[in-house]
Amino acid sequence: MKRHLLVLVACLACARQGREAQPPGPVTIVLEHQPLWGDPAAFHASLERFQQENPGVVVRTQTLPNASDVAREMFLTALEGGADDFDVFAIDVVWAPEFARAGWLADLTSAFPPERLRAQYLASTIEAVTLDGKIYAVPWFLDVGLLYYRTDLVPRAPKTYAELQSFARAAMARNPGLAGYLWQGRQYEGLNCNVFEAIWGHDGDLLRDGRIALDTDAARAGLGFLREAIASGLSPRSVVASAEEETRRAFQDGRAVFLRNWPYVWAEVQKPGSPVRGKVGFAPLPSETGAPGPGTLGGWQLAVNAHSPPWRRRAAEKLVAFLTSGEAAVELALRYSRIPARRAVYDDPRVREGAPFIAALLPVALAARPRPVTPYYALASDSIQGELSGAVAGLRSPADALSRAQRIVDHLESR
Amino acid sequence: MKARSQAALLAAPAMAILAGVAVLPVLAAIWLSLHRSILVFHEERFIGIANFRFLFSDGRFWSALGTTAYFTAVAVAAELLIGLPVAMLLQRGGGFFRAAILLPWAIPTAVSARMWAWLFNADYGLLHRLLPGVDWLGSPRTALHAAILVDVWKTTPFVALILLAGLSAIPGDVVKAARVDGARPARIFFSITLPLLRPAILLALLFRSLDAFRVFDAIYVLTEGGPANATETLSIYAYKTLLRSGDFGYGSALSVATFACVLGIGLVFLRFLGRER
């Protein structure tokens, strides 16, 4: 019995020591990321290159669940528990301020000075990872809302909401049974993205003095536009229950003139056998004034775990720098169709040649905007969805829904 | 005396495990519900019953409670009403039919809910073709009934099987005697079958009510609680508060409230069941 106890104590002592001093041998760092889709060989080869360039560093990868909210739950519990068994991890764009505020992300400001990042990256992607002037993650690749249109049904991409409406009406008059404008109105995070885009398109701003502001004229106009689209028949009632895939399928089957969705749709509609292959164009979202309408910024950033010990921190920062380099971004664009957060990659000849769709996305990417960059967004997002859904479904007026949402947000922020 | 203490000793490991996996987590949730605990803001302090005071004035809680109660009442009633005739038919049918009818019950809920979501789809759905004009998942009024339909489809076989077991336990002699006395089938059903089936019906009601009251997966896959929170049940509200918002204190309070409701339902049914004995 006594001997067992001794062994146990010795083990505990070893484990403690492991946390404090650097163990001998190579430094092993762990990277957690979502599956990139496509053959992982290219990505693994680049990690291999990193290990050759940095002798003494071993990188292990762990794949995250594909659903963003499941991954978030995992991080929430792991990081709250002080987990230090991973060093570099991919975070969704909306988590950055929240996780930073919680103290879970290492401050990367000295390794990645904000001025340098702002010069290299699209402005919105840096805005999304900055809290109180400090950098907490580095953009890896982005996602952005954009407008798809049928080149055979409308003369060109609409610049304003009025044009969107009149183009759609004209096409619908010629083709009975055709839907005008598809978007995502189901009660989920995507609904927030759609409504925020409409608010930005009406010259609105979602943050006022660092607080979420929904009870504004622009917000009423934006949400009112989406509600009116359903009420007037421009959008079918089915959008109230639709997420990305439902609308993508309807559009791909040739049953709609316009679709708001994410860049992944492009590869789908251009597949052989797609009924609308070669008949689809894309453009920034419309706006009230005709300037390119902002699309919601999505995508993934690489952060360093605040709990990982100092001797792994250096290697982790190097890995982040390596994975977010211009070369890595070109490879991600070519091999995995990931949209670069670095401005220069869009002009890279290899990208222009090998991934013309991505190169052509530059105007859309430039117009992207992050959802409210505040630690409270994740807390409030869910309640906001419920209220916006009420307006979209026609249960209450947009003004009413927005003031209810504002009340909830104020209550959360006042804590 | 010795036998009794030995019995207690033998039962102790089982009791300890039960306490570890059932009682302790419940107590922990109750303890957590008395705190303000928001992960990201590192807030963790004892606030007594403030969460429950907020709960009583929280419109979203009451609407979720109403939705859950309505879902439970309608779904369980429909399952019983359909399950009983099915069970009586199955009594005549062979093993093949008994196995075949279990199919919906055997499919994982998340899978069948996804399948139904496509059936309900307003552009492609088969149901939409059959009944044009009904906006199944898009309208707050129909969305909950669509979820009820899915639940009824899935769990009626389960109810039917329980009732079938009850039916098989009814002695054939009693029915024969009634027939000899010249009772009509309807009379036999209401005066003999139904009263003798009471324990099985109560059991089915108990199982199904407890299950339906905690419904999560089917509705979460179908609508995520939308549109406009019209299909948000207590479990979904608690899940969103706990894991999406990271508000562990209030989320635990919601879970405790759900637990209290389920416990209440369970006690009522157990009392009825106890009276049967």
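Guide: Two residues are in contact if their C-beta atoms, placed from the backbone, lie within 7 Å. By that rule, the contact between the chains takes 27 residues from chain A and 24 residues from chain B. This is a predicted model, in which local features need pLDDT of at least 70 and side-chain atom pairs count only at pLDDT 80 or more, while totals for chains, interfaces and linings use all residues. Residues are numbered from 1 along each chain as its sequence is written, with chains lettered from A and ligands numbered from 1 in the order in which they are written.

Visitor: Which helix of chain A gives the most to the side that touches chain B?
Guide: Helix 17 does, with six residues. Helices (H or I, at least four residues) and strands (E, at least two) are DSSP runs, numbered from the N terminus.

Visitor: Why is B:Glu224 called buried?
Guide: A residue is buried if 20 or more other C-beta atoms lie within 10 Å of its own, exposed if 12 or fewer, and partly exposed in between; these C-beta atoms are placed from the backbone. B:Glu224 has 23 C-beta neighbours inside 10 Å, so it counts as buried. B:Glu224 sits in the loop between helix 11 and helix 12 of chain B, and its phi is near 55°, a positive value in a residue other than glycine. That loop also holds B:Pro227, and the peptide bond from B:Gly226 to B:Pro227 is cis, with omega near -15°.

Visitor: And A:Asp209, is that buried or exposed?
Guide: Exposed, because A:Asp209 has 5 other C-beta atoms within 10 Å. A:Asp209 lies in the loop between strand 9 (207-208) and strand 10 (211-212) of chain A, with phi near 50°.

Visitor: What makes something a nonpolar core?
Guide: The term means a set of buried Ala, Val, Leu, Ile, Met, Phe, Trp, Tyr and Cys residues joined through C-beta atoms within 7 Å. The largest one here has 188 residues, and A:Ala96 and B:Leu163 are among those with the most contacts inside it. Helix 8 (residues 140-168) of chain B brings the largest share, 12 residues. Domain 1 (22-143 + 297-362) and domain 2 (146-295 + 376-413) of chain A both give residues to this core, so the core lies between them. Those bounds come from an automatic or database domain assignment.

Visitor: How do you know that chain A is as compact as a globular protein of that length?
Guide: The radius of gyration is taken over C-alpha atoms, and the globule rule is 2.2 Å times the number of residues to the power 0.38. For 415 residues the rule gives 22 Å, and chain A comes out at 23 Å, close to that value, so chain A is as compact as a globular protein of that length.

Visitor: How does chain B score for confidence?
Guide: Chain B averages a pLDDT of 90, and 99% of the residues score at least 70; pLDDT is the predictor's confidence in each residue, from 0 to 100. The model scores ipTM 0.75 and pTM 0.85.
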